[in-house]
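This briefing summarises the computed features of one protein model for use in further modelling work.

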Amino acid sequence: MQGRTHTCGELRIGDAGKTVTLVGWFENIRKVSKNLGFVVLRDFYGTTQLVIETEEMMEQFNAINEESTISITGEVRERSSKNSNMETGDIEVVPTEMTVLGKNIHNELPFQINHSKEADENTRLKYRYLDLRNPEVKNKIVLRSQITAELRKSMIEHGFLEITTPILTCSSPEGARDYLVPSRNFPGKFYALPQAPQQFKQLLMTSGFDRYFQIAPCFRDEDARADRSPGEFYQLDMEMAFADQEDVFEVLEDVLPPVFEKYGVYKTAKKPPFMRIPYLEALDTYGTDKPDLRISLKLQDATEVLADCGFEPFKGQTVKAVVAHDFTATRKAIDKVCEEVEMLSGAKAYWFKVGENNEISGGIAKFVKDNAETVIEKLGLKAGDFVGVTAGTLRAAQKTGGALIKVLGATFEQYMEKEQYQFCWIVDFPMYEIGEESGKLEFCHNPFSMPQGGMQGLKDAVANHTELDVLAYQYDLVCNGVELSSGAVRNHDPELMVEAFSVVGLGEDDVKAKFPAMYNAFTYGAPPHAGIAPGVDRMIMLIAGEESIREIIPFPMNKNAMDIMMGAPSTVEEKQLTDVHIRIIEEDLNTTEE
């Protein structure tokens, strides 16, 4: 360790008088005269102030740029002017020797290290190795390590065995685009990076393992969002044999709250049992299947009393209302709320208020006044209430209403108990849905889920053309409005699996071809099993109180799935393409650069 005797965060008043050797980065210098200056030395553990008291030592520091790495040897002494903001603020070190270990040859940095979060994001990502020197940024990665260690420890204590599954596997239709890897030995064939260890963990259950988990890397070629990193992410993947939905819930309700309370910016986490909300009820009550239960506001149906009020956007539509009691905001604040709702949902929100003597005012008041008594009774209104109103198809009215709840909760603190972690389970998801792009019947979530009602339920649904009414033993874990995970009780019956896939137009031969290992394994006797896989990145983002998931990933890609630090994706040599039997047709090549 270059002769280091102490770290830069270690020395205290009791070390005064000792001769020590420190190593680290030369953070900055404040020069008082040609033979007096104050230097901050920083390493992974903290900072220590050095005091230069000779011209010779000042010349050595003048000869190097800030952020060079150095080793100093000197005497510890008590500071006359202590700094309570530094853990080592009671002492200083007077260096007698200084050795340069690694020169920073650049006279200017792309950003000031301690203010790197203020820089443009692409600049931060390009110089991520400098960005990570910022203690505020570094500490998020330290937190990530601590949380994953805690999760691993807890899972092992719950009897789970950590098993790693393959990274190179076959392409599988699991809801997102695969990353494909061409094969050198098998021309024209491809491996795929796993979107999740789904099939492997189910095969482990079929192999006789009882409880499996891993902090699993997953790869999906999808666009970035604030809570989703493109390319790769990690999840706490778990599966349990001879288990059902209740067994999975019991484990996560025991594992997660203590981790959130121990490391979170909020020190209160929902205790078990978590609220369980059926999917359709969540949409109708909260306008979303990712409700933030910290917000007290809910949706009400107002179709009966407002659809025919004469306001054209409501005519023939489903109308939903959000009632906010004791509302005192200005018209300007209301307009801002409506703007944000439209930006989030793509549709307008309307409003009115209830005053003294049940007077209706503001917004669409003139369309409500003639039926005010009925509206007030139906929605349970009283003086001081604000009523936000949305309209459209059922789903559109719900979606806009959900956005309205979210914005009101975030804007006005009386409607949101913010400083806590509120978990809930969304249950009873539909087995099937009509795909937005295809317009055809597709699996709603995981195709390997167990349909409620079993074989007979599926056959009855097909016979009656009510496939969209079939529910599955699928569930989502939601915390503070963020989906942490999807999970399910698995369909372990080969005959039932074939029947489930036939509903979306895939026959037995298709199932055998697409999932040969799983199908064949199930024919040898499979246990009932269930699992889930909470996103580690999203959990850490919530625990750390960060708005962007990229803040808690050591080397994240940017929003366009580019690693601008390493230059990926990049071109490769022609020989590399030839080795894997790939030829690029130039006229069809369309590249986009940042």
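The model described here is predicted. By that assignment, the protein has 18 helices and 22 strands.

**Overall dimensions and surface**

- Along the principal axes, the C-alpha atoms of the protein fill a box of roughly 90 × 75 × 55 Å.
- The protein has 594 residues, of which 49% count as buried.
- Of the contacts between residues at least 6 apart in sequence, 66% join residues at least 24 apart.

**Nonpolar cores**

- The largest nonpolar core comprises 66 residues, and M238, F260 and F423 have the most contacts inside it.
- Helix α6, spanning residues 245-263, gives this core its largest share, namely nine residues.
- Domain 2 (136-257 + 533-556) and domain 4 (430-471 + 493-526) each contribute at least three residues to this core.
- Leaving aside residues up to four places away in sequence, F423 touches L256, P257, F260, A269, K270, F274, M275, L293, L477, V478, C479 and L484.
- Another core, of 25 residues, lies apart from the largest one; L306, V319, V368 and V375 are among its members.

- M557 is located in the loop between α17 (536-544) and α18 (574-579).
- With a relative accessible area of 24%, M557 is partly exposed, because that class covers values between the 20% limit for buried and the 50% limit for exposed.
- M557 and G231 are 326 residues apart along the chain, yet their C-alpha atoms are separated by 7.8 Å.
- The residues that M557 touches, not counting those up to four places away in sequence, are L125, P230, R550, M562 and D563.

**Cis peptide bonds**

- P272 and P273 are joined by a cis peptide bond, with omega at about 0°.
- P273 is placed in the loop between α6 and β11 (275-278).
- A cis peptide bond with omega of about 0° also joins A568 and P569.
- P569 belongs to the loop between α17 and α18, where M557 is also found.

- F242, a residue other than glycine, has a positive phi near 50°.
- The loop between β10 (231-241) and α6 holds F242.
- F242 counts as exposed because its relative accessible area is 65%, and the cut-off for that class is over 50%.
- D428 is likewise not a glycine, and its phi is positive, at about 60°.
- D428 sits in the loop between β17 (423-427) and β18 (432-434).
- The relative accessibility of D428 is 25%, so this residue counts as partly exposed.

Technical notes: Residues are numbered from 1 along each chain as its sequence is written. This is a predicted model: local features need pLDDT of at least 70, side-chain atom pairs count only at pLDDT 80 or more; totals for chains, interfaces and linings use all residues. Side-chain values use heavy atoms; hydrogens and water are left out. Helices (H or I, at least four residues) and strands (E, at least two) are DSSP runs, numbered from the N terminus. Buried means under 20% relative accessible area, exposed over 50%, partly exposed in between (1.4 Å probe, protein chains only). Contact means heavy atoms within 4.5 Å. A nonpolar core is a set of buried Ala, Val, Leu, Ile, Met, Phe, Trp, Tyr and Cys residues joined through side-chain atoms within 4.5 Å. Domain bounds come from an automatic or database domain assignment.
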